[in-house]
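Please look over the model below. This report covers selected helices, a sheet and the spaces between them.

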Amino acid sequence: MALAAGTASGPLAEESFGWAVRYAAYDERADRDVELPRERWVPVRRDTLFDLASLTKLCTTIVALRAAERGLIALDARVAAYAPECTAAAEHGITVRQLLTHTSGLIPELPLYEEDGVDRRLARLAAEPPVTPPGTARRYSDLNFLLLQRVVERTAGRPLDRLVRETVTGPLGMAATRFNPPASWLPRTAATEDQRRPWGKVDRGMLRGVVHDENAWALGGVAGHAGLFSTAGDLAVLCRTLLAGGGPVLSRESTELMLTAPGLGFEVDQPWFMGELAGRGAAGHTGFTGTSLVVDRARGVYLVLLATTVHPRRRPGDSAPRAAVGTALARAMG
């Protein structure tokens, strides 16, 4: 695990623990993790890259809000105004804000990886209708950010990976954050899962340096909901930027809107993973692979925890360690 905590002015702690690579596989018959020879274990270092999973949504959110600042999109406009190919969103009047607040009424996910080819996968996404009327209920959904990706790409005329680079990682000097990391980064990248059915959704074997999320993988590794890789240090730069008001990536007004309840892209005051940091307007998110990020503007602190809890295979989630670290930081800050 890699940990980074600090304030707007700089880090308080940057630590690394455990192993980035330890297992060769998961043995289903014996129900045990199969370790690599000890000399092939790779320790987590401060520069270790992790698959961020749903923390990717935070960068997609910033791209969308920057587009709104530039007048390319309006938060309360309909998705169909920018991406008319999203036929179900058009029929039901889903808005950009409803995507960002998970109030579109869409189900959590679709097995897009079952479709043959990217065009058919995107067509299935575009045709998926909401199961509750948009704006009436909150239901967390990856589909919201896949549709948001369509919106920002169509309005900007550039793919999401380039938009994230231009809007977020480039201006902030986050040189270790990107989609589809190059092969040269592999030695410092943490492994994720021996991804096979029945626990996984596709049969890909042990993953390292390629996106874990099956739908993001099926869409080429660049997706609005998942796909970014980064280090704790790079994410700390983003956190310090948000604590300082958002410049140069966002205006102070957009940053306030994004981080204030109910939050746009960010989750607000969630003690199940924030611990006692929650309660004063703390904003953050988690990722399925074992990642999390919290920005607590009331205390002026941030917390980044990056781990690979799916190595060598996924198991029921447990956010108690995340919450415990959040509580420890909250009590330390008073």
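## Helix α4

What covers the buried residues of α4? The cover includes α2 (87-92), α5 (142-156) and α7 (214-218). The model is a predicted one.

Helix α4 spans residues 118-127. Its buried residues are Arg 121, Leu 125 and Ala 126. Viewed down the axis of α4, these buried residues fall within an arc of 135°, so they line one face of the helix.

## The open sheet

Six strands make up an open sheet. Their order is β2-β1-β15-β14-β13-β12, with antiparallel pairing. At the edges are β2 (10-16) and β12 (267-268), each of which pairs on one side only. In general, strands of a sheet pair through backbone hydrogen bonds, in a parallel or an antiparallel way.

Strand β1 runs antiparallel to β15, and six bridges join them. Leu 3 stands opposite Leu 305 in β15. On the β14 side, β15 pairs over five bridges, again in the antiparallel sense. Here Tyr 302 in β15 is the bridge partner of Val 295.

How many residues of β15 are buried? Six of the six are, so the strand is largely enclosed by the rest of the structure. Buried here means under 20% relative accessible area. Both faces of β15 are covered. Val 301, Leu 303 and Leu 305 are buried on one side. Tyr 302, Val 304 and Leu 306 are buried on the other.

β14 and β15 form a hairpin, with four residues between the two strands. Gly 300 sits in the turn and has a positive phi of about 75°.

## Helix α11

Helix α11 covers residues 320-333, which makes 14 residues. It reaches 20 Å from its first C-alpha to its last, close to the 20 Å expected at 1.5 Å a residue. Just after α11 comes Gly 334, with a positive phi of about 80°.

Which residues of α11 are buried? They are Arg 322, Ala 323, Gly 326, Thr 327, Leu 329 and Ala 330. Seen down the axis of α11, they fall within an arc of 165°, so they line one face of the helix. An α-helix has 3.6 residues a turn, so residues three or four places apart point the same way. The face of α11 turned away from the buried side carries the exposed residues Arg 331 and Ala 332.

The buried residues of α11 pack against several elements. Among them are the sheet strands β1 (2-7), β13 (283-287), β14 (291-296) and β15 (301-306). Helix α10 (271-274) is another of these partners.

## Pocket and cavity

The largest pocket has a volume of about 910 Å³. It is lined by 39 residues. Nearest its centre lie Gly 287, Phe 288, Thr 289, Gly 290 and Arg 322. Arg 322 is also one of the buried residues of α11. Three elements, α10, β13 and α11, each supply at least two residues of this pocket's lining.

The count of cavities of 30 Å³ or more comes to one. The largest cavity has a volume of about 30 Å³. Which residues line this cavity? Its lining is made of Glu 109, Leu 110, Tyr 113, Lys 201, Asp 213, Glu 214 and Asn 215.

Methods. Residues are numbered from 1 along each chain as its sequence is written. This is a predicted model: local features need pLDDT of at least 70, side-chain atom pairs count only at pLDDT 80 or more; totals for chains, interfaces and linings use all residues. Side-chain values use heavy atoms; hydrogens and water are left out. The expected span of a helix is 1.5 Å times one less than its number of residues. Buried means under 20% relative accessible area, exposed over 50%, partly exposed in between (1.4 Å probe, protein chains only). The arc is that of the directions from the helix axis to the C-beta atoms. Contact means heavy atoms within 4.5 Å. Two strands pair if DSSP finds at least two bridges between them. On a 1 Å grid over the protein atoms alone, a cavity is a set of points where a 1.4 Å probe fits but cannot get out, and a pocket is an open set with protein on both sides within 12 Å along at least five of seven lines; lining residues have an atom within 4 Å of a point. Grid points are joined across faces, edges and corners, and a volume is the space filled by probe spheres set on the points.
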